[in-house]
Amino acid sequence: MDIGVLLPTGEAQWESGDDPRDVVALAVRAEQLGFSSLFVNDSLISPRVEALTMLAALAPATERVTLGTGALLPFLRRPVQAAQSLASIDLLSGGRLAVAVGAGFPGRFGQPMYTLSELPWERRFRRLDETVALWRALWAGDTAFHGELIHFDDLPPATKPFRAGGPPIWLGGATPAALARTAKLYDGWLPYPPDPADYRSGLATIRETALREGRSAEAVTPALFVTVRVDTDEAAGRAQLDRYSRANYGMPLADLETIQAVVTGTAEQVTAGLGGYVAAGARHLVLRLGAIGLSAQREQLDAVAALVGRLADCAAWDLSMAAPIPGRDSPRPRI
């Protein structure tokens, strides 16, 4: 069981006077508290420390935690240059990088970034899959790549990542098409469904599809992106998360929680809420702390850290009751 945190790299999560360099100190604190991973998100339409820049800063400042993206938007970068940046972070971290990717959201949170990147919105999922395939080809030493949308007749020698084959690449999304693509092509799944039952059914679909594709049922790491806040009671937590949602998305919590996983309340309530996803099969939780200001983020980090042992116990109990999953060994997929 892995439990990580999403770092507050955007200005919307800071208060006046906060020093962005203190995000690195927060990351070091998280590692000291026993968290398994540190994730950053990606955008071009709100001020923030750029995702790969943040991970490059964290690589020498940390020792054991996985460094991840939740999620990286590859269309914001030229694909060959992005492959070099990711390989460099994997090298600097000693092989601790995990790259969750996405194609962006319809509407104001996604389409404007395609305009800024001078790329068409159409066929964005195909472009994403081919970009990932190109990265893997470069890391494997291929000298050419020919996809439907991306073509290179002459690829230069590429920066090799720390691990042969490169870092694991995960996919977000829970549509039927996303589940099929995750099962066939990716190393992990990082969705955020509001209902644990949807997580359970999505994971079952991924595992069944993976087996049909000749992969192991365990080829895909089952992760979860979820916003959490530990508070005196659920009402107090919801009030603070409403402030957080309005600052980050310009929408009330009541709207956000219809599309994203959100858990708040007392320590016992948060443990139970996250435990529902653990029971549904999630094995790597990426927790976004619902607090504004780096001081408040540190307080939430400490509060959530106290739950790590309880969640690990939930996972151990769930695994002990589950039937074995066949086919643990799986080759790295190639698109």
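Colleague: What is Lys 160 in contact with, leaving aside its neighbours within four places in sequence?

Modeller: This is a predicted model. In it, Lys 160 touches Ala 87, Leu 91, Leu 138, Trp 139, Ala 140 and Gly 141.

Colleague: Where is Lys 160 found?

Modeller: In a loop. Lys 160 sits between strand S6 (151-152) and strand S7 (169-171).

Colleague: Is Lys 160 buried, exposed or partly exposed?

Modeller: Partly exposed, because its relative accessible area is 43%. The cut-offs are under 20% for buried and over 50% for exposed.

Colleague: And how far apart are Lys 160 and His 284 in space?

Modeller: 26 Å, C-alpha to C-alpha. In sequence, Lys 160 and His 284 are 124 residues apart.

Colleague: New topic. How many salt bridges does a search of the whole structure find?

Modeller: The search finds 15.

Colleague: Which residue forms a salt bridge with Asp 90?

Modeller: Arg 163. The closest N and O atoms of that pair are 2.5 Å apart. Asp 90 lies in helix H3 (residues 79-92) and Arg 163 in the loop between S6 and S7, so the bridge ties together parts 73 residues apart in sequence.

Colleague: Are those two buried or exposed?

Modeller: Asp 90 is buried, because its relative accessibility is 0%. Arg 163 is partly exposed, at 25% relative accessible area.

Colleague: What does Arg 123 form a salt bridge with?

Modeller: Glu 148, with the closest N and O atoms 2.5 Å apart. Arg 123 is in the loop between helix H4 (111-117) and helix H5 (124-140), and Glu 148 is in the loop between strand S5 (145-146) and S6, so this pair ties together parts 25 residues apart in sequence.

Colleague: Why does Arg 123 count as partly exposed?

Modeller: Because its relative accessibility is 46%. Glu 148 is partly exposed too, with a relative accessible area of 49%.

Colleague: What about Arg 310? Which residue is its salt-bridge partner?

Modeller: Glu 268. Their closest N and O atoms are 3.9 Å apart. The bridge links distant parts of the chain, with Arg 310 in helix H12 (residues 308-321) and Glu 268 in helix H10 (residues 267-279), 42 residues apart.

Colleague: And how accessible are Arg 310 and Glu 268?

Modeller: Arg 310 is partly exposed, at 36% relative accessibility. Glu 268 is at 52%, so it counts as exposed.

Colleague: Switching to the surface. Which residues form a nonpolar patch there?

Modeller: Leu 44, Ile 45 and Leu 116. Together they have about 270 Å² of accessible area.

Colleague: Where does Ile 45 lie?

Modeller: In the loop between strand S2 (37-40) and helix H2 (51-61). Ile 45 counts as partly exposed, because its relative accessibility is 36%.

Colleague: Last topic, confidence. What pLDDT does the protein average?

Modeller: The average is 93. Of the residues, 94% score at least 70.

Colleague: Where does pLDDT stay under 50?

Modeller: Residues 320-324 are one such stretch. Residues 326-335 are another.

Colleague: How many contacts beyond four places in sequence does the model have for those stretches?

Modeller: For 320-324, the model has 0. For 326-335, the model has 34, though pLDDT stays under 50 there.

Conventions. Residues are numbered from 1 along each chain as its sequence is written. This is a predicted model: local features need pLDDT of at least 70, side-chain atom pairs count only at pLDDT 80 or more; totals for chains, interfaces and linings use all residues. Side-chain values use heavy atoms; hydrogens and water are left out. Patches are made of residues with over 30% relative accessible area and no salt bridge: like charges are joined within 9 Å, nonpolar side chains (Val, Leu, Ile, Met, Phe, Trp, Tyr) within 5 Å. Accessible areas come from the Shrake-Rupley method with a 1.4 Å probe; for residues, only the protein chains shown count as cover. A salt bridge is a side-chain nitrogen of Lys or Arg within 4 Å of a carboxyl oxygen of Asp or Glu. Helices (H or I, at least four residues) and strands (E, at least two) are DSSP runs, numbered from the N terminus. Buried means under 20% relative accessible area, exposed over 50%, partly exposed in between (1.4 Å probe, protein chains only). Contact means heavy atoms within 4.5 Å. pLDDT is the predictor's confidence in each residue, from 0 to 100.
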